[in-house]
Amino acid sequence: MAEKKTVITLVCERAADLNDLLDSQGNITDMSDVHVVKFPCSGMIQPLMIEAALKAGASGVIVCGCQIGDCYYREGNKMIKERLLGERPPGLKKTVDRRRVIALWLSRMQKQRFISEAKEFVYRMQALDIAEAAVPKTEPTKAAPPSP
Amino acid sequence: MTSSVKNEPENNWFKQIYNHFIDGANKLTLAIEDITNIFITSKYNPFYYHGALPQFYLWVLFISGLLLFAYYIPTIDNAYLSNKLVNAWTSVDYITNTLPFGGVVRGIHRYAGDAMVLFIFLHAIRVWFTDRYRQYRWIQWVTGVILLLMVLFIGQTGYYLVWDERSLLLTRMTVSALDALPLIGGPLKTWFLNGDTITNLTLSNFLFIHIGLSFALLFVLWLHYVRMTRPVLTPPPAVNFILVGAILLIVFLIPISSGTMANLNSQPNAYDIDWFFLFNYWLMAHMPMNVFWISMTAAAVIATILPWFVKTISAPVIPAEVVIDKCTGCSLCYRDCPYQAIEMVPAPAGSRFKLLATVNIPRCSSCGICVGACAFDAIDLPQLPDASVLTEIKSFAGAK
């Protein structure tokens, strides 16, 4: 059984309102393996931060900004969306496992949607961790990619 | 400017009520938009183009206005041109009833004007409810108030141009309103009428004001957009078709017609009110003139100073800072900044690079988009350095 790893959530403080879900550490109370880092705008999230999180051992990264089209600072969520898709520099490195990154565009009112999406993502990441733990580490290229 | 906000005690009951109200309004706005998104997706959600909607109707007004201008004759009496009386009213009548689709173009011009005012109000309400009009955005708000006043006045001059009985009454009401102003009242009246009484020159002045101010709108619109990178000027084509379709539908359902021709010897005293443009004439008719002017001026002043009056909700802006020895002058932050707050200047002597990013402090919103754009850690929000964010991410990512 693989050890339980953390999912890092990088969230705009004006997007899905998670304030009453968090404990003093910044973890979601009923999902202790989800840690939330808040930003003034999702546009501040650097692809580098996603790479760093995965490199440091995070199981996955959730990026959450406001609904596309609506941004308090006009274009922040559009910027990070384009960066994640490689349409705007600086982009996400090609070596980053795309299965472990998810972007959610949720307004302040959509807390419940965030919870359900995050739960599903955590579940998927745990399945992925177990599947990858079963593959010998020495093998550099994946012969059969594990189903997400 | 607003740095003292956070230190003030939260015992101000007005501020608490106001904050409560704005918070609820913000939630309501976002909830309505979420529901809209379910049906038409965020790409076509008109709420996300709230500023572009009046701008689109401005183009509709320009084009339809150009067509009307080709046939409009700005006089009250030009009988010598032919056997028939040729004046503003008869030319509008000709446009409406004889010219193919003239009535449609006139209807589009009228209803697009109404729609523009309606959408300007929705635009203003949305930026107010979502708190997007203060601090680094004050110039957009103030120019917005000026634009609204200009649009209302342009619309009113449009009602004078038709030269039916309502036009005559509105002109006379305007004259008496201007007359009531101290000092500037007399000259304003002379300017408005282009003389001391209503003559042929009056209507040409109305036409000049109507068209000239419309072009002046473009200048104020430039100020309205000047600090915004990539302003959203046009809704998607699909939304545009719906906007035009809606106008056409109303044109065919409620065709435009003029009242009877204005007669300078008559005393018209009742008319239909277009509530989008003529509400102030209703007010004028229902209150003493000095009360009218004082309340109008007060409303305009309060609307203008609203951004400074409301120092609430969000924290003060702490501008981003460039780390000089890390900046490579790549200008990614400059390109991505949504408020044009970053300027690229020549790098100091001895630098390996040609350019250096600098922050224009009054424009900075402290959003951190520049931080997200920087691949070199060369720009930072002092209150949330990306080094500390990375440390937090790494420590929690590593924690089992």
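The legends below describe several close-up views of a predicted model.

Residues are numbered from 1 along each chain as its sequence is written, while chains are lettered from A and ligands numbered from 1 in the order in which they are written. In this predicted model, local features need pLDDT of at least 70 and side-chain atom pairs count only at pLDDT 80 or more, whereas totals for chains, interfaces and linings use all residues.

**View 1. The contact between chain A and chain B.** The contact takes 37 residues from chain A and 33 residues from chain B, two residues being in contact if their C-beta atoms, placed from the backbone, lie within 7 Å. On the side of chain A that touches chain B, strand S3 (31-39), helix H1 (47-55) and helix H2 (76-84) each supply at least two residues, and H1(A) gives the most, with four residues. Helices (H or I, at least four residues) and strands (E, at least two) are DSSP runs, numbered from the N terminus.

**View 2. Helix H1 of chain A beside helix H14 of chain B.** The axes of H1(A) and H14(B), residues 386-398, come within 8 Å and cross at roughly 25 degrees, where axes are lines fitted to C-alpha atoms, for helices over the stretch in contact, and angles run from 0 to 180 degrees between N-to-C directions. This crossing angle makes H1(A) roughly parallel to H14(B), a term for angles under 35 degrees. Met49(A), Ala52(A) and Ala53(A) in H1(A) meet Val389(B), Leu390(B), Ile393(B), Lys394(B) and Ala397(B) in H14(B). These residues divide into seven nonpolar, no polar and one charged, with Ala, Val, Leu, Ile, Met, Phe, Trp, Tyr, Cys and Pro counted as nonpolar, Asp, Glu, Lys and Arg as charged, and the others, Gly among them, as polar.

**View 3. The open sheet of chain A.** Five strands form an open sheet in the order S2-S3-S1-S4-S5 (chain A), with mixed pairing; two strands pair if DSSP finds at least two bridges between them. Strand S2 (27-28) and strand S5 (101-105) of chain A stand at the edges, each with a single partner strand, so one side of each is left without a neighbour in the sheet. Strand S1 (residues 7-12) of chain A runs parallel to S3(A), and six bridges join the two; Thr9(A) stands opposite Val36(A) in S3(A). H1(A) packs on the sheet, touching S1, strand S4 (60-65) and S5 of chain A, and its direction makes about 150 degrees with that of S4(A).

Methods:
Angles under 35 degrees count as roughly parallel, over 145 as roughly antiparallel, 65 to 115 as roughly perpendicular and the rest as oblique.
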